[in-house]
Amino acid sequence: MPRIPFEELPNHGRLWVFPLNRSLTDAERATVLGEVDGFLAQWAAHGVPLESGRELRDDRFLLIGVDEDAEAPSGCSIDALVNRLRGIGQELGVSFIDHAPVWYRAPEGVRTTSRPDFKSLAAEGVVTGETHVFDTSVTRLADLRDGALERPASETWHGPRVLQGASEDLSLSARNRAAVISPQNRGAHGAPRTKPTCPPRGERVSVIASFSAASARGIASDGRNGSSSACNSSVGTRTAFRKPLLEHFA
């Protein structure tokens, strides 16, 4: 019998998990399952029928299993399955073969989001290590029946790769904020220091002219009393760059 009830497939059977990017309407569900049943009824590898079954779980995961002891699916037969699901998806505007997003269980049901957005949700505390996520890479019926499809995020790749990364990003952000308001970054009255802004163009020449006058006074003062202050020691440098500065701000 080419198609058998999914629950009767043996634990050693091969499994494919095809995640849907959205829930189906009642009419779409009937269409999908009817098309899949029709395909599995004639699914074969090298002319030999495959003992296979299917199940739609949580209205978001199409599970297809095969008893490999009876007959193992070939590469061509697997390609045929994927191509048929792609065609059904194009007809209904739904995806079965995109494994990039993250599927997780929220209070209102199974949700789908991108990995960066899931990381943001983790940083905000919306999802945690206890949030159940779905691993669509499960390939054995025994693992499926042991609960491998849906587990807490802390027990899957989401834990070390996403949740920990979100925690580190949050900690880094907190350290950056603390650095901004630290005593070393505050002014005389406790206000955060701000980066000086460039004066409007009309005021720049006046600023540089004042700078030039101050330099001239510094030269005269240096000649009178032999001062070795840091300001007077750099007079020559300031004078040398006076003309390029005027040209730059003109």
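**Close-up views of a predicted model**

**View 1. Phenylalanine 96 and its surroundings in the predicted model.** Leaving aside residues up to four places away in sequence, phenylalanine 96 touches Phe18, Pro19, Leu20, Val32, Leu62, Leu85, Ile88 and Gly89. A second, separate core includes Phe6, Trp103, Phe134 and Leu149 among its 15 residues.

**View 2. The largest nonpolar core.** This core has 19 residues. Those with the most contacts inside it are Phe18, Val36, Trp43, Leu62, Ile64, Leu85 and Phe96. Two or more residues are given to this core by each of the elements β1 (14-19), α1 (26-41), β5 (61-66) and α2 (75-92). Helix α1 provides the largest share, with 4 residues.

**View 3. The open sheet of β1, β5 and β4.** Three strands form this open sheet in the order β1-β5-β4, and their pairing is antiparallel. Strands β1 and β4 (52-57) are the edge strands, each of which pairs on one side only. From one strand to the next, the twist averages 20°.

**View 4. The pairing of β1 with β5.** The two strands pair in the antiparallel sense, and 6 bridges connect β1 with β5. Arginine 14 has valine 66, in β5, as its bridge partner.

**View 5. Helices α1 and α2 against the strands.** Helix α1 lies across β4 and β5, and its direction is at about 165° to β4. Helix α2 lies across β1 and β5, running at about 20° to β1.

**View 6. The aromatic cluster of Trp16, Phe39 and Trp43.** Ring pairs link these three residues, Trp16, Phe39 and Trp43, into a cluster. The count for the model comes to 5 aromatic pairs. Trp43 is also listed with the residues that have the most contacts inside the largest nonpolar core.

**View 7. The chain as a whole, for orientation.** The secondary structure comes to 9 helices and 9 strands. Of the 250 residues, 32% count as buried. Among contacts with a separation of 6 or more, 65% are accounted for by residues 24 or more positions apart. The accessible surface comes to about 14400 Å², and carbon and sulfur atoms hold 54% of that surface.

Definitions and conventions. Residues numbered from 1 in each chain as written. Predicted model: local features only at pLDDT ≥ 70, side-chain atom pairs only at ≥ 80, totals over all residues. Heavy atoms only, no water. Buried < 20%, exposed > 50% of the residue type's maximum accessible area, 1.4 Å probe, protein only. Contact = heavy atoms within 4.5 Å. Areas by Shrake-Rupley, 256 points an atom, 1.4 Å probe, with all protein chains shown as cover. Phe/Tyr/Trp six-rings, centres within 6.5 Å; stacked < 30°, edge-to-face > 60°. Core = buried A, V, L, I, M, F, W, Y, C linked by side-chain atoms within 4.5 Å. Pairing = 2+ DSSP bridges. Axes fitted to C-alpha atoms, helices over the stretch in contact; angles between N-to-C directions.
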